[in-house]
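Trainee: I would like to learn how to read a model of this kind, one feature at a time. Could you give me the general idea first and then show me the case at hand?

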Amino acid sequence: MTTGEVLLKVDDLTVEFDTPRGPVRAVDGVSWQVRAGETLAILGESGSGKSVSTQALTGILEMPPGRILKGTAEYRGADLIAMTTKERRKIVGDRITMVFQDSLSALNPVQSVGTQIAECYRVHRGMSKRDAMKRAAEMLDQVRIPAAANRVRDYPHEFSGGMRQRVMLAMALALDPDVLIADEPTTALDVTVQAQILELIAELQAEREMGVVLITHDLGVVSDVADNVVVMYAGHVVERAATAEALEHPVHPYTEGLLGSMPSSDLKGQELPTIPGTPPSLRAIPSGCAFRPRCPIAIDDCAREIPPLLTVAPGRDAACIRRTTISANKEAV
Amino acid sequence: MIRFILRRVLAAIPIGLVVTLGVYALVFAMPGDPLRELAGDKPIPAAVLAAKRAQFHLDDPFIVQYLLSMKDILTGHFGTTFAGADIADQLRLRIPVTLKLATMSLVFQWIAGLLFGLYAGFRRNGVVDRMLLLATLVVLAVPGLVLYFTGQYVFGVELKWLPVSGARDGWPMSYLLPALCIGISGFAGLARLTRTSIVDTVNSDFVKTARAKGLGEQRILWRHVLPNALLPVVTLMGIDFAGIFGGAVLAESIFNLPGLGQFMFQAIKLKEGGVVVLLSTLAFLMFIVINLIVDIVYGAIDPRVRNV
């Protein structure tokens, strides 16, 4: 269903952090790609490396202490990681833009929202101050901020949380980017506002044939908007599939556990199932499969080596030695 | 804006009354007789003593003395000191001395504080940053008095680079050493605050946003980091500025500079309530005005505190 051009292709990305107690691997051999018009969800709990991977490839990760060990991130064939900062700035912020979780701290508190949006036009398009402000007002209108023309000169603290996230979106979409990386864009918002923002992203995406990378820990968000999903656990990709299929027949036990712990009307009155245990500290990732200590179907062989990401069916990959095919999945259950 | 200023000025009136009354009460409560203090060991004829007591209303109740002093201050009739000097003349002579000292020490303090703070903030954990931490700890641990006397001994007595005390060498020579001492004891706090503020701001989310927008480092620094990082610094600079008179009392006395601080010191020693209250009122007015300026500046640089 998404056959657009591959815009951003991440391959074997590995990121480490230097800490006083030695290096810690936050992202290990992660690969994914996003096409024009596609929404790719990167799903994982905090500490699974989902944000670090996108921050590393856009160059906004603090380095040091962060360090990219290996891997490529190609935007239309040009490797973002290998290029110079100056070259990267022409792409990140213009063709690839980002939206962050907490819109209050992600906006500069002492600049008006108009100035902050206009800055994109000034820096990347060399527009005059007046033209840029005019375009900023148009952008605010496009993200459905009421009375946008009157609000360009307002400051971030004068907006509500949902409206501020719209401002962030306006800023990210100002230059008609090819790829939007939304890092938990709705986590700080309440559920109704969350739905509005997701809907807005989907609408704006359809208008521009943009690729969206949606980083989230919320399965509900994934099932609502994502075409494809990449599930991450302890810095590794453990499953990669089309959203509908992953939700219908999860292959990796972790994905299965996540789905099982979703509240639904079938479970009304019963205790919500959870995945036993807690995610591992990145300092002490278990040998072999990182999910092994919490996995209901783990065997001794799981401790031997990190399970490779294998194709279990056309367009579906999972990293589990117990489930190397869809049918194996059925047997194990 | 005018309403804001008016409101602040009106609010200052009751505070001013409490401050002056408190200061006057403290001077009144000090032990000893002011006129005997003035005369030293020499006997004073009873008639002279009585005349002086009447002139300065020393036998009136506390509150009457206070009100009479306030009346003099408000009507501009400052009168004379116990020793007979015209207070208005004294002010005219002494205010420039204190202003010169205050300006010079503030310049030292602010330049050193901002430079070291900014540098340490951007080169966190570098050599300058570590040296600054050490230097601040030392400066904060050493009392001002020790610093002043050490300065006098090293640069005045031993090296003979600068005059030990007095204003005979005029500006700037006579002021360099005291201003340097005040600057050293004051720059540490400013530098630490600037450094911490820079570090916090550099790591904040909106700087990350600015990077994600593909902005150059210079633009991020001038448009996003500094305007936010300097907000708390401006507040502290205002407090420093307003508190400089307090520092002047000690420094002018030790370095024997004939400024308002030294005047204050002598007046306290002689229990001259009227003079102490007059000088306190001056300091208080300066405090109010400086605070007002800081608030106005703050409103201009931080939209979040406008219309408050």
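Mentor: Let us begin with contacts: two residues are in contact if their C-beta atoms, placed from the backbone, lie within 7 Å. Please keep in mind throughout that this is a predicted model.

Trainee: With that cut-off, how many residues of chain A are in contact with chain B, and how many of chain B take part?

Mentor: On the chain A side there are 23 residues, and they are in contact with 18 residues of chain B. Within chain A, the elements α2 (85-91), β6 (96-99), α3 (103-106) and α4 (113-125) each supply at least two residues of the side that touches chain B, and α4(A) gives the most, with four residues. Sorted by class, that side of chain A holds 11 nonpolar, seven polar and five charged residues.

Trainee: Into which domains is chain A divided?

Mentor: A domain may be made of several stretches of sequence, and domain 1 of chain A is written as 1-95 + 184-190 + 199-264 + 272-332, while domain 2 covers 102-176. The centres of these two domains, taken over C-alpha atoms, are separated by 30 Å. Their contact takes nine residues from domain 1 of chain A and 11 residues from domain 2 of chain A, and the domain 1 side of it divides into six nonpolar, one polar and two charged residues. From the UniProt record, an unreviewed entry, comes the feature "domain: ABC transporter" at residues 8-259 of chain A; this span is 40% helix and 28% strand, and its end C-alpha atoms lie 28 Å apart.

Trainee: Against which elements do the buried residues of α12(B) pack?

Mentor: The buried residues of α12(B), among them G273(B), V276(B), L279(B) and F287(B), pack against α1 (2-29), α4 (62-75), α5 (87-122), α10 and α11 (260-269) of chain B.

Trainee: Is V305(B), by its count of C-beta neighbours, buried or exposed?

Mentor: A residue is buried if 20 or more other C-beta atoms lie within 10 Å of its own, and exposed if 12 or fewer do. V305(B), in the segment after α12 of chain B, counts as exposed because it has 12 C-beta neighbours inside 10 Å. Leaving out residues up to four places away in sequence, V305(B) touches Y298(B) and G299(B).

Trainee: What is there to notice about the phi of K271(B)?

Mentor: Most residues other than glycine have a negative phi. K271(B), however, has a positive phi near 60 degrees; this residue is found in the loop between α11 and α12 of chain B, and it counts as buried because it has 21 C-beta neighbours inside 10 Å. E209(A), which is not a glycine, also has a positive phi, of about 55 degrees, and its place is in the loop between α8 (191-208) and β8 (211-216) of chain A. With 14 other C-beta atoms within 10 Å, E209(A) is partly exposed.

Conventions: Residues numbered from 1 in each chain as written. Chains lettered and ligands numbered in written order. Predicted model: local features only at pLDDT ≥ 70, side-chain atom pairs only at ≥ 80, totals over all residues. Domains from an automatic or database assignment. Nonpolar A, V, L, I, M, F, W, Y, C, P; charged D, E, K, R; others polar. UniProt positions renumbered as here; feature names shortened; annotations may be inferred.
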